[in-house]
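Please keep the sequence and the structure in view.

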Amino acid sequence: MSSSTVTAAVQSKPSFEIRPLLIDEYSSLRNLHAQAIKFVLASSLSSEETDVLVAHVRTPEYTTRLMSRNFLIADIGGMHVGSIAWAATPECEGCARISGHFVHPMFGGIGIGRALLEAALEEVAAKGFQRILVRVPLNAVSLYETAGFCVASQGVTQDFAPGTAIHVAFMRRG
């Protein structure tokens with residue numbers, strides 16, 4: 001009878017840092033968004049629609065929209081692997097809106113998205129906002145529900161890029 005030894009490599013989750021986005025990091029942020037869009041929305045959009053979204057991410061208009069928000073970034077070894085943003089909403093007094101919540105496809109499932117959401121919620125609460133709104137792809141609803149959000153409605157948004165319609169849930173907390 002022979003015996004064999006099996007060695008299993010135990011992979012640990014990489015550690016990451018969450019911090020505010022710096023002014024010279026918008027190019028890297030847009031690249032992160034493009035990569036995440038290609039992966040996350042690929043099953044719900046045609047390749048042409050995905051291409052339109054990715055092209056829009058590279059426009060000056062998209063960068064201008066990004067710069068109007070308070071961004072947090074997740075870094076692993078200097079690489080941007082996740083983002084989330086928030087801003088006050090002019091249409092709702094005392095409300096903040098979360099947006100720009102992306103995780104690089106290679107780093108999904110290790111808690112980066114949840115950690116970013118928790119960090120953004122802490123910042124929003126510290127600024128005194130009582131109510132938080134968010135529009136998310138349908139595959140992100142459960143993450144937000146575990147953070148205390150409820151679905152107000154579902155629909156289609158065309159706000160992200162001209163010529164694209166994305167099925168989303170409109171959610172709120174507070």
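Where pLDDT is low, predicted coordinates should not be read in detail. The protein averages a pLDDT of 89, and 93% of the residues score at least 70.

This is a predicted model: local features need pLDDT of at least 70, side-chain atom pairs count only at pLDDT 80 or more, and totals for chains, interfaces and linings use all residues. Residues are numbered from 1 along each chain as its sequence is written, and side-chain values use heavy atoms, with hydrogens and water left out.

**Aromatic pairs**

Rings of Phe, Tyr and Trp (its six-membered ring) pair if their centres lie within 6.5 Å; planes under 30 degrees apart count as stacked, over 60 as edge-to-face and the rest as tilted. The count comes to two aromatic pairs.

| Pair | Centre distance | Plane angle | Class |
|---|---|---|---|
| Trp86 and Phe129 | 5.7 Å | 65° | edge-to-face |
| Tyr144 and Phe149 | 5.2 Å | 80° | edge-to-face |

Trp86 is buried (under 20% relative accessible area; exposed is over 50%, partly exposed in between, with a 1.4 Å probe and protein chains only), at 7%. Tyr144 and Phe149 are buried too.

**Leu72**

Leu72 sits in strand 2 (residues 70-76); strands are DSSP runs of E, at least two residues, numbered from the N terminus. Leu72 is buried, with a relative accessible area of 4%. Beyond four places in sequence, its contacts include Ile18, Ile84 and Leu116.

Conventions: pLDDT = per-residue confidence, 0-100. Helix = DSSP H or I, 4+ residues; strand = E, 2+ residues; numbered from the N terminus. Contact = heavy atoms within 4.5 Å.
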